[in-house]
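Visitor: I have a structure here and I'd like to go through it piece by piece. Can you walk me through it?

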Amino acid sequence: MRDHRALEVMVVLPPHRAFEVVESSQVGQVRRCAVQAAEALGFDEVAAGRVALLATELGNNLVRHAREGQLLLGAGELGGRQTVELLSVDHGPGIADLGACMADGYSTGGTPGTGLGAVRRLADEFDIYSAVPAGTVILARVVMAATPVAGQAPAAIEAGAVVLPAPGETVSGDAWALILDGGRASVLLADGLGHGPGAAEAAQAATATFGTAPYCGPAQIIERAHALLRSTRGAAVAAAELNAVEGALRFAGAGNVQGRLLSALEERTLLSQHGTVGLQIRRMQDLHYPWPPHALLVLHSDGLTSRWSVKEWPGLLQRHPSLVAAWLMRDHRRGRDDTAVVVLRRREP
């Protein structure tokens, strides 16, 4: 029998910090915070310098060309690697010719025109999605190389997430965790009741429980969390297990955490039961769904409106999961509560 513990890679990326970037003075603040985050993760001077340049280029691009610009900064362990992630989000005017815009020397504002081309070169992972006149989302990551594990196959599933605290809060009552194991993944999203430290305590307790036995099945994961969250205020929790080889998905949820399968052909809502984990739930049961090759799994807390669609944005579902999460957050966040959006899909061969 295979020992999964030797092959599993835990994904733990804490909540993002959101920075409004509409004037030049705000770019420096983001750069300083990004460098501090990189240094806290142990990045050397060269890697921290790349992070600084990325923050500067993305920030200046927002100031010069965008409306309602925002940079999201995330830092932590992602797929076994220490990662600094920057997501640039705006509300227009969009980029009509992405190919030309990525080329060095292209400029619409009288600048040298090295911005997005430089960002792509500096980042270890880069992706972009833009629609005219709606706006643009850009992903740029700098990572430290992972230590290879003997016999470990590359994960066939990739993930992205955006988690933001409620306005005025410094901690998030939403939390997520993901275990990757070759062609399988197990993911959990928890939304602690309310917001602030009490909600964060409940959500973190749920993700900690998940990490001890991620492949016992979604329903059993939630029932284990139910027993261990009784000392907290409770949480809405959803868990899913995905198998890329078999094209299958198991799901269980309790409370207002929504799951949805998205593809170009259909959208399917995954059913959660009423209740609060840690307070009162009925007996949980795994629900089984097919997972088509090009379908994305989206999990989100009720900080995101439930009536959203991506049908009007052609090509978005083919972009990196983090871009999908950021686009949904941009357009559908309620703005009154913690919000988390987690997106998973098969990795392109």
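Visitor: How many bridges join E5 to strand E6?
Guide: Seven bridges join E5 to strand E6, residues 135-143, and the two run antiparallel. Keep in mind that this is a predicted model.

Visitor: Which residue in E6 stands opposite Glu125?
Guide: Arg141 is opposite Glu125.

Visitor: What sheet are those strands in, and what is the strand order?
Guide: They belong to an open sheet of five strands, in the order E2-E3-E4-E6-E5, with antiparallel pairing. Its edge strands are strand E2 (17-20) and E5, each of which pairs on one side only. On average, neighbouring strands of this sheet are turned by 15 degrees against each other, direction ignored.

Visitor: Which strands does H2 touch when it packs on that sheet?
Guide: H2 touches strand E3 (70-78), strand E4 (81-89) and E6, and its direction makes about 10 degrees with that of E4. H7 lies across E4, E5 and E6, and runs at about 135 degrees to E6.

Visitor: Back to H2. At what angle does it pack with H1?
Guide: Helix H1 (residues 24-40) and helix H2 (residues 45-65) pack at about 155 degrees, and their axes are 8 Å apart. That angle makes H1 roughly antiparallel to H2, because angles over 145 degrees count as roughly antiparallel. The crossing of the two is right-handed.

Visitor: Which residues in H1 and H2 meet?
Guide: From H1, they include Val27, Val30, Arg31 and Ala34; from H2, they include Ala48, Val51, Ala52 and Gly59. By class, the residues of this contact are 10 nonpolar, four polar and two charged.

Visitor: New topic. How many salt bridges are in the whole structure?
Guide: A search finds 12 salt bridges. One of the salt bridges is formed by Asp124 with Arg50, where the closest N and O atoms are 3.4 Å apart.

Visitor: And where in the chain are Asp124 and Arg50?
Guide: In distant parts, 74 residues apart. Asp124 is in the loop between helix H4 (115-122) and strand E5 (125-131), while Arg50 is in helix H2.

Visitor: What about the sheet with E7 in it, what's the order there?
Guide: That is an open sheet formed by five strands, in the order E7-E18-E17-E12-E13, and the pairing is antiparallel. Strand E7 (157-164) and strand E13 (267-270) are at the edges with a single partner strand each, so one side of each has no neighbour in the sheet. From one strand to the next, the twist averages 15 degrees.

Visitor: How many bridges pair E12 and E13?
Guide: Four bridges, in the antiparallel sense, with strand E12 covering residues 258-262. The bridge partner of Leu261 is Arg268 in E13.

Visitor: Which helix lies across E7?
Guide: Helix H7, residues 321-332, which runs at about 30 degrees to E7. H7 also lies across strand E17 (296-300) and strand E18 (339-346).

Visitor: Last pair, H5 and H6. At what angle do their axes cross?
Guide: Helix H5 (residues 197-212) and helix H6 (residues 218-228) cross at roughly 130 degrees, with axes that come within 9 Å. That makes H5 oblique to H6. H5 passes H6 in a right-handed crossing.

Visitor: Which residues make that contact?
Guide: Thr209, Phe210 and Thr212 of H5, together with Ile221, Arg224, Ala225 and Leu228 of H6. By class, this contact has four nonpolar, two polar and one charged residues.

Conventions
Residues numbered from 1 in each chain as written. Predicted model: local features only at pLDDT ≥ 70, side-chain atom pairs only at ≥ 80, totals over all residues. Heavy atoms only, no water. Axes fitted to C-alpha atoms, helices over the stretch in contact; angles between N-to-C directions. Parallel < 35°, antiparallel > 145°, perpendicular 65-115°, else oblique. Left-handed = near helix turned anticlockwise from the far one by under 90°. Contact = heavy atoms within 4.5 Å. Nonpolar A, V, L, I, M, F, W, Y, C, P; charged D, E, K, R; others polar. Pairing = 2+ DSSP bridges. Salt bridge = Lys/Arg side-chain N within 4 Å of Asp/Glu carboxyl O.
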